[in-house]
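These are my notebook entries on a structure that I looked up. I went from the whole chain to single elements and then to one residue.

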Amino acid sequence: MLEAPPGQRTSNATTAGDSISDPNDVDTHTNETSGEKHWLDGGLTSSFPPVEDLEGSDVPTNSADEGVPGRKPYTSSLYTDAFNLALNTVLAEEFHLFSEQETEIFQKYRLLPYEAQYLYVRLFLRKSATWFRLNKLGYHSDILDINAACSVLWSPQVGLADHYDAIDTLDEAVSLLTLEELKLIGKDEKFTGCTTKSQLISALKKAATSQGRLRGGGQLSISFDGNGAKYIKKILEITASGPCIRLHPTAATLFNRVHLVFYRSTEYSDDSLKTLILARTSKRNFPKYIVSRTANIFPSHEVLVEFEESIKLQAQVDGILEGNGVPTKDGLQQVLDIAEGVYLHWLELVQQERNKVKSMTDKGFALDTPSSGNENEILIERIYLRRFSPAWVLTRIVHKYLHPLARFKMYLREHEVLSQLLSQRFYHTARRGAWYQRKALIEERYMAAISPSPSNLSETERKKKWLKIALDTCCKGLQDPLTHIIFHYDLQKRITKLEQKLKIPKREQHDFGYARLLKPTERTIFGTRIQREPTPTSPTNLGRKTVWLDPDLAANKSECSVEEMCLSHYRSLGWKGYHCEGSLLRTLFAYLFYDILFLYVPNVFETEYQTCPLDLVTDAFYPARASEINHRLVEIGNGGAKMLVREVWERERERETCVVGLDWRYEITDLEEIVECIPGEVLAVMCKVMCQEYQQRGGGMPDLFLWNFERKELKSDNDRLSDTQRLWIHVLSSAGIKVELCHALAKERKPGDELQEEETQ
């Protein structure tokens with residue numbers, strides 16, 4: 001049985017734009033998949049191996065003469081070179097983005113002695129807001145006198161770091177302690193039941209907040225020590241064996257901003273410098289292409305700062321909604337408060353963009369459709385430059401605003417926000433179909449009861465009025481050219497249902513027979529399902545992934561997922577396959593279009609550390625390379641796919657180049673067999689779909705990808721069908737590829753259990 005191996009080296013491209021909710025689910029919204037977030041960083045990290053901790057890795061440092069008496073001090077290192085490269089590049093081309101006070105900080109850094117620079121960069125690569133004990137840093141091979149370097153950084157003339165005298169909160173103080181030191185304090189304070197670091201810190205904070213003690217005569221006295229001064233003093237006594245240092249937050253934030261500009265990142269991260277260092281050490285290898293930086297991505301210092309603040313808020317919202325487990329009520333309220341705080345400003349930014357578009361339209365630019373020549377270049381640049389505007393980020397936050405509004409049943413406000421999102425056509429247009437779906441659902445089910453209506457209308461008349469409005473919303477969604485085709489199926493279903501509710505005559509109803517999608521063949525597979533014991537968090541086991549016995553290893557009671565069980569069944573019939581969803585298709589696309597992905601196009605390669613062009617997920621990707629793409633599609637249709645895959649594999653395999661969607665774990669022999677099993681014209685159709693709509697079609701492929709090389713057949717096995725999957729089934733079936741919808745049935749019954757059925761997940 002072939003499966004994607006564990007410990008995936010590369011993150012795959014995004015699935016379709018994250019939807020608001022299942023339109024049939026009234027009170028919940030679907031969170032984004034992790035894949036979607038790869039598009040937030042402009043192609044910087046969408047195919048990276050996991051980030052190592054540089055402090056514990058074998059990245060080369062200046063350690064050749066470690067311990068050698070009298071060695072000469074170094075004047076450069078990999079770390080400082082990478083840091084300085086980012087700083088110098090940004091200041092050379094985008095100096096105007098920084099204020100006079102900020103340039104003074106840059107100058108102070110540049111004038112630092114090498115060892116002070118080195119120490120600053122190494123601390124910056126770690127958690128820059130954390131206090132560090134110098135005697136535990138251990139950079140002795142690179143810094144002759146770490147205390148002297150520290151003194152330079154925290155001197156009043158430089159001010160790039162804080163002296164340990166600045167520790168004034170218990171949170172800052174406890175971060176200095178090791179587990180053993182915390183246990184000593186816990187023993188002195190008689191903390192019970194505390195064994196882990198988090199438990200000890202929690203007990204320490206509780207004790208610092210409220211302490212009780214007996215006075216003479218047995219009276220209980222309670223003293224409140226809000227800042228934990230007693231414990232701060234005690235901690236500083238424990239750590240008195242050496243000084244402590246922390247990077248000054250203002251300077252650290254400024255250098256993070258420099259890296260944001262350098263990497264053209266649309267996701268807030270403290271790890272950006274690691275990318276450059278790992279690339280320099282060949283731990284990450286990037287494709288070779290012509291870099292063409294755009295100096296006007298951020299027009300001013302104010303816009304840059306606002307963009308930075310916006311992506312910080314975005315990261316905060318994502319952490320709440322996409323963190324561990326289901327968001328709590330308090331977490332949803334926090335998202336609600338954040339979104340309310342930016343909503344009015346977002347409306348202002350949308351209006352500003354609307355005015356800019358009107359001005360350009362008045363000058364003769366058709367911004368809604370690509371044309372040719374200089375006008376087309378301006379269009380392409382404007383499409384992707386919008387991703388670096390505060391309005392783009394705030395639109396995503398406003399989109400996330402819909403989730404708590406639905407959970408709190410604030411449908412009137414949700415309807416208003418959806419209307420505003422649909423009134424703009426500049427930001428996150430891939431989500432418009434989901435917005436139409438949700439808006440129509442609210443209009444159908446809730447607005448008649450909660451919206452202000454003329455008093456002379458009866459309840460039945462109000463319901464009919466809003467059913468008509470919902471029908472109009474669905475029709476507008478289908479007519480909107482920015483509504484992606486993946487949303488048409490659901491909108492068509494809702495139109496049919498609304499017309500029946502309104503009792504519209506059959507001859508006046510919409511007929512979507514022309515748009516009917518092909519359906520897959522259905523297959524039932526029987527297996528042995530393991531009944532798991534309920535847990536406190538899941539007393540009914542609803543929502544938990546099912547566990548099955550692997551048919552190949554049933555005698556050994558080997559457990560597996562439902563997909564692996566189905567894959568074993570197909571393997572017994574002579575098929576080879578992967579449980580890979582869309583990973584294999586994205587890998588094939590990366591192989592077949594490698595050179596076209598990294599073809600020179602102005603303004604889409606801003607750094608040397610991208611895994612894809614910035615416009616890959618926009619409508620501009622295909623028209624900007626139409627000639628080259630069409631030529632490649634003809635080459636694939638004529639049977640040239642195997643040669644293209646082999647050429648890229650032989651050239652890039654040793655380096656394992658980071659390319660969007662490309663997973664190097666697939667064996668080259670399997671890839672060659674697969675492209676031989678797929679007719680050339682069919683593979684060309686699949687690739688054309690990816691070229692035109694990579695973001696929307698990057699997901700939705702069947703879970704299981706099967707082939708039989710001896711019979712030269714290809715088959716896909718699917719799960720419960722989303723709209724994206726229905727479209728892929730239609731594309732694959734129309735092209736002659738067999739697609740099956742597989743139902744897994746548990747053949748084993750237990751007392752009180754019904755026959756369990758599950759489609760592959």
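**Entry 1: the whole chain**

I took helices (H or I, at least four residues) and strands (E, at least two) as DSSP runs, numbered from the N terminus. On that basis I noted 30 helices and 14 strands in the protein chain. The model is a predicted one, where local features need pLDDT of at least 70 and side-chain atom pairs count only at pLDDT 80 or more, while totals for chains, interfaces and linings use all residues. Residues are numbered from 1 along each chain as its sequence is written, and side-chain values use heavy atoms, with hydrogens and water left out.

I next looked up burial, where buried means under 20% relative accessible area, exposed means over 50%, and partly exposed lies in between (1.4 Å probe, protein chains only). Of the 761 residues of the protein chain, 52% count as buried. For contacts I used heavy atoms within 4.5 Å. Among the contacts in the protein chain with a separation of 6 or more, 73% come from residues 24 or more positions apart.

**Entry 2: the sheet with β5**

Strands of a sheet pair through backbone hydrogen bonds, either parallel or antiparallel. I counted two strands as paired if DSSP finds at least two bridges between them. In the order β1-β5-β2, three strands form an open sheet with antiparallel pairing. Strands β1 (132-133) and β2 (161-163) stand at the edges with a single partner strand each, so one side of each has no neighbour in the sheet.

I then followed strand β5 (residues 244-247), which is joined to β1 by two bridges. F132 stands opposite I245 in β5. Between β2 and β5 I found three bridges, in the antiparallel sense. Here H163 stands opposite I245. Are the faces of β5 covered or open? Both are covered: C244 and R246 on one side, and I245 and L247 on the other, are all buried.

**Entry 3: the sheet with β8**

A further open sheet has its three strands in the order β7-β8-β9, and the pairing is antiparallel. I noted β7 (529-530) and β9 (559-560) as the edge strands, each pairing on one side only. Two bridges link strand β8 (residues 547-549) to β9. In this pair L549 stands opposite E559.

**Entry 4: strands β6 and β13**

Strand β6 (residues 521-527) and β13 run parallel and are joined by seven bridges. I saw E522 opposite L741 in β13. Strand β13 (residues 738-746) is largely enclosed by the rest of the structure, because eight of its nine residues are buried.

**Entry 5: two helix pairs**

Two packed helices are described by the angle between their axes and the distance between the axes. The axes are lines fitted to C-alpha atoms, for helices over the stretch in contact, and the angles run from 0 to 180 degrees between N-to-C directions. I classed angles under 35 degrees as roughly parallel, over 145 as roughly antiparallel, 65 to 115 as roughly perpendicular and the rest as oblique.

Helix α17 (residues 432-445) packs on helix α20 (residues 488-501) at about 20 degrees, with the axes 10 Å apart. The two are therefore roughly parallel. The contact involves Y436, Q437, A440, L441 and E444 of α17, together with D490, L491, R494, K497, L498 and K501 of α20.

Helix α2 (residues 78-93) meets helix α4 (residues 114-125) at an angle of about 80 degrees, with their axes 9 Å apart. I therefore recorded α2 as roughly perpendicular to α4. On the α2 side I listed Y79, T80, F83 and N84, which meet α4 residues including Y114, Q117 and Y118.

**Entry 6: residue P287**

Where is P287 found? P287 is in the loop between α11 (272-280) and α12 (301-321). Its relative accessibility is 5%, so P287 counts as buried. Leaving out residues up to four places away in sequence, I found P287 touching Y594, F598, Q610, T657, C658 and V659. For P287 and C658, which lie 371 residues apart along the chain, the C-alpha atoms are separated by 7.0 Å.
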